[in-house]
Amino acid sequence: MSFGVKSLSVRGISAAVALLAIGASGCSVVDSAKEGIKKASREESVFSLGMGDCYNPNTKPAAEGDEMAEEFAVEVVPCAEPHDGQVFGEFKVDDGAYPGDDAIVEAADTRCPVEQLKFAPDAWALPAGVSSSYYQPTKESWATGDRLITCTFTKDSGKITGSLKSEAMNADQLAYLKGSSALYEAFWANMPEADAVEDDLNGYKALAAAVNAALGTHVAALQGIEQPETVKLREQLDKANAAWKKAANAGDADAFYLAYDPAITGIDPNATVAARKELGLSTTVPADEAAAWAS
């Protein structure tokens, strides 16, 4: 596997054996030996990772020109201990000939967000710096029967402490989070590379159409929630959606800009805080989202 890929090779306990063979009397050496044995006893193949497992990776550096590093083995640890990652989902790719790296990545990018919604629906509740990654089959591991994509949480820096799995949520919370997640996924996944609408009007219209569709579904799912702040949010999102529809049908860049201003303002994450509080969800806007809307 690599980080985004799988390769099978377990190092075993040679490092721990070497430490024991030193026979030194210093406490630091003894402690290191004990730690080596402990780590070796926990080391497992990447293929053995299961749902909810917390782990520390044993990563082979990426080859020159390769964006993904190979993973040979991992140290599975109790989630109460500081760790580098946690598995939140897994699924198998359809059998057959190796579909290629791009197809594997597309499958992971499509399915892992779905699995995250099952494991930790409220992304705002995740600790700062936590993001999702995945292990994927390589062409070599595919030949040995590897079809599994493993979705994991990792942290940009530092360690994760404790499990990131959410407590059980009620129907209203899940309805809100499913729609909200789909909305922002549609927004970011369809954002054109061109900075100016004039440089890619069709691309920006496609963005607006995708957001319009996702937002319409989100608004419809909120219809059954009659708490006052959520009702206010639903009305706000409904108005924003009318603006997204206008943007999607804009005849030129000027018309797009006129519609885009109320459209983008209408889905500002900061404006959802009151409804989230009412529903018992996290109310801290993630730093990256706050920065994006501030700019």
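Residues are numbered from 1 along each chain as its sequence is written. Because the model is predicted, local features need pLDDT of at least 70 and side-chain atom pairs count only at pLDDT 80 or more, while totals for chains, interfaces and linings use all residues, and side-chain values use heavy atoms, with hydrogens and water left out.

## The chain as a whole

The chain has 10 helices and 6 strands. Here helices (H or I, at least four residues) and strands (E, at least two) are DSSP runs, numbered from the N terminus. Of its 295 residues, 42% count as buried. Buried means under 20% relative accessible area, exposed means over 50%, and partly exposed lies in between (1.4 Å probe, protein chains only). Another way to look at the chain is through its contacts, where contact means heavy atoms within 4.5 Å. Among contacts with a separation of 6 or more, 73% are between residues 24 or more positions apart.

## Helices side by side

Two packed helices are described by the angle between their axes and the distance between the axes. The axes are lines fitted to C-alpha atoms, for helices over the stretch in contact, and angles run from 0 to 180 degrees between N-to-C directions.

Start with helix H5 (residues 171–189) and H6, whose axes are 8 Å apart at an angle of about 175°. H5 and H6 are therefore roughly antiparallel to each other, a term for angles over 145 degrees. Residues of H5 including Ala175, Tyr176 and Phe187 meet residues of H6 including Leu207, Val211 and Leu222. By class, this contact of H5 with H6 has 13 nonpolar, 3 polar and no charged residues. In this count Ala, Val, Leu, Ile, Met, Phe, Trp, Tyr, Cys and Pro are nonpolar, Asp, Glu, Lys and Arg are charged, and the others, Gly among them, are polar.

Now move on to helix H6 (residues 201–222) and helix H7 (residues 228–248), whose axes come within 8 Å and cross at roughly 155°. That makes H6 roughly antiparallel to H7. The crossing of H6 and H7 is left-handed, meaning that the near helix is turned anticlockwise from the far one by less than a right angle. Lys205, Asn212 and Val219 are among the H6 residues in this contact, and Arg234, Asp238 and Trp244 are among those of H7. The contact of H6 with H7 divides into 11 nonpolar, 5 polar and 4 charged residues.

## Buried residues and their partners

His83 sits in the loop between strand E3 (70–77) and strand E4 (85–92). His83 counts as buried because its relative accessible area is 0%. Its side chain reaches the backbone oxygen of Glu81 at 2.7 Å, and a polar atom of the His83 side chain lies 3.5 Å from the backbone oxygen of Cys79. Leaving aside neighbours within four places in sequence, the residues in contact with His83 include Tyr55, Val77 and Ile160.

Tyr55 itself is found in strand E2 (residues 54–60). Tyr55 is buried, at 1% relative accessibility. The side chains of Tyr55 and Tyr135 are joined by a polar contact of 3.5 Å; such a contact is a pair of N or O atoms within 3.5 Å, where, within protein, one must be able to donate a hydrogen and the other to accept it, and residues adjacent in sequence count only if both atoms are side-chain atoms.

Thr154, in strand E6 (residues 148–155), is buried with a relative accessible area of 11%. The side chain of Thr154 makes a polar contact with the side chain of Ser133 at 3.2 Å.

The table lists C-alpha separations for some residue pairs.

| Pair | Apart along the chain | C-alpha separation |
|---|---|---|
| Tyr55 and Asp84 | 29 residues | 6.2 Å |
| Leu258 and Ala247 | 11 residues | 8.0 Å |
| Ala125 and Thr283 | 158 residues | 8.3 Å |
| Asp200 and Ala253 | 53 residues | 9.1 Å |

Leu258 is found in helix H8 (residues 253–266) and is exposed, with a relative accessible area of 69%. Ala125 lies in the loop between helix H3 (101–119) and strand E5 (130–135), and Ala125 is also exposed, at 53%. Asp200, in the loop between H5 and H6, is partly exposed, with a relative accessible area of 28%. Not counting residues up to four places away in sequence, Asp200 touches Pro192 and Ala194.

Methods: Parallel < 35°, antiparallel > 145°, perpendicular 65-115°, else oblique.
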